Amino acid sequence: MNPISIAFYSPVRGSGVSTLLTHIFEIAPELIAGKTVLLDCDLEFPTISAFFKTNLIREKTTKVFQPLLNRSHCIICKSCAKACAFGAIQVFQNMSYVRFEPALCRACGACIHTCQYNALTESAYEIATWRHLDAGERREILEGDLWADDFFYTRALQASRDFIQEQELILIDARGGMDFISLEAMHHANLLVLVIDVTLFSPEPYRQIFKNLLAHGKKLVVVVNRSGIVPEPLRQLCVELSLPIAGCLPFNQGIPRNAVLGELMTSGKTLTKDIFSNILRNLLLNAGHRTFLPV
Ligand code: SF4
Ligand code: SF4
């Protein structure tokens, strides 16, 4: 069975994505029978695991290899610069100088293989460390210290797939904003959840953001944060673009207070638990999941 993969995202950082995701991850075992994996890849210092008692299953660092120049072997022949399709090497023959630009290098190795004078060797560059954690009750967390951007972020993200096996549900904490990294983290998800903080909402910029995301061909669902009801302009926009609203998260001072204490709101508090449970059920239904554990 293919897993259901749901990415949580907000165009504006600080809109409550991690709060929502943390609580949904907590209650997931009550709704689904299989394993839930939370992929924390938002480039912030990993935060979600702090709310759970976890045991480390394994840790793995991913490296790429960039060229390291030994100038004493280099004869300034220019072959490496010609071999590089990314413009990462410039050779100034008049000045007998080879210049390497790490930010442009894609670690393809072509220059190293081209140099016949052993002037280029491989130098390891760490792009990510993934920690695979058991959070109990059929839950696992995959949290990344990701140092890469753009091109290497894709590779860093791919490395996480080595860890994910036999899961029923993948929850992805995608970075906020509309840059490459945010979109890449969402790329493989079946469903995108847009968390909208109503205090930061205005229709026009969001209309364009929703349209841009829909243009990627993904199914979109909205979760409203900081309000128990959907504000009318947001409701109208969702109707206009046929975006389902999976639920509302009313403002509750207890959530940030408890977060500071490292506690989850769902434990022992039926009302809050029901809110997150209903949101997750709606998200799963929108993602095509139909089998739930009995309450
Ligand atoms: S291919 Fe080797 S020898 Fe030629 S310029 Fe590049 S590093 Fe120097
Ligand atoms: S490893 Fe590839 S991308 Fe990097 S400098 Fe060499 S040829 Fe260019």
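Colleague: How many helices and strands does the protein have?
Modeller: Nine helices and 11 strands. Keep in mind that this is a predicted model.

Colleague: Okay. And what share of the residues is buried?
Modeller: Buried residues are 38% of the 295 in the protein.

Colleague: Which strand is joined to E2 by six bridges?
Modeller: That's E8, residues 167–173. E2 and E8 run parallel. For a spot to look at, find Thr36, which stands opposite Leu169 in E8.

Colleague: And how does E2 pair with E7?
Modeller: In the parallel sense, over five bridges. E7 spans residues 139–146. Here Asp40 is opposite Glu143 in E7.

Colleague: Zooming out, what share of contacts with a separation of 6 or more comes from residues 24 or more positions apart?
Modeller: In this protein, 75% of them.

Colleague: New topic: the ligand. Which residues come nearest to ligand 1?
Modeller: Cys74, Cys77, Cys80, Cys115 and Ala119. They belong to a set of 15 residues around ligand 1.

Colleague: How does that shell divide into nonpolar, polar and charged?
Modeller: There are 12 nonpolar residues around ligand 1, two polar and one charged.

Technical notes. Residues numbered from 1 in each chain as written. Chains lettered and ligands numbered in written order. Predicted model: local features only at pLDDT ≥ 70, side-chain atom pairs only at ≥ 80, totals over all residues. Pairing = 2+ DSSP bridges. Helix = DSSP H or I, 4+ residues; strand = E, 2+ residues; numbered from the N terminus. Buried ≥ 20, exposed ≤ 12 C-beta atoms within 10 Å, placed from the backbone. Contact = placed C-beta atoms within 7 Å. Near = placed C-beta within 6 Å. Nonpolar A, V, L, I, M, F, W, Y, C, P; charged D, E, K, R; others polar.
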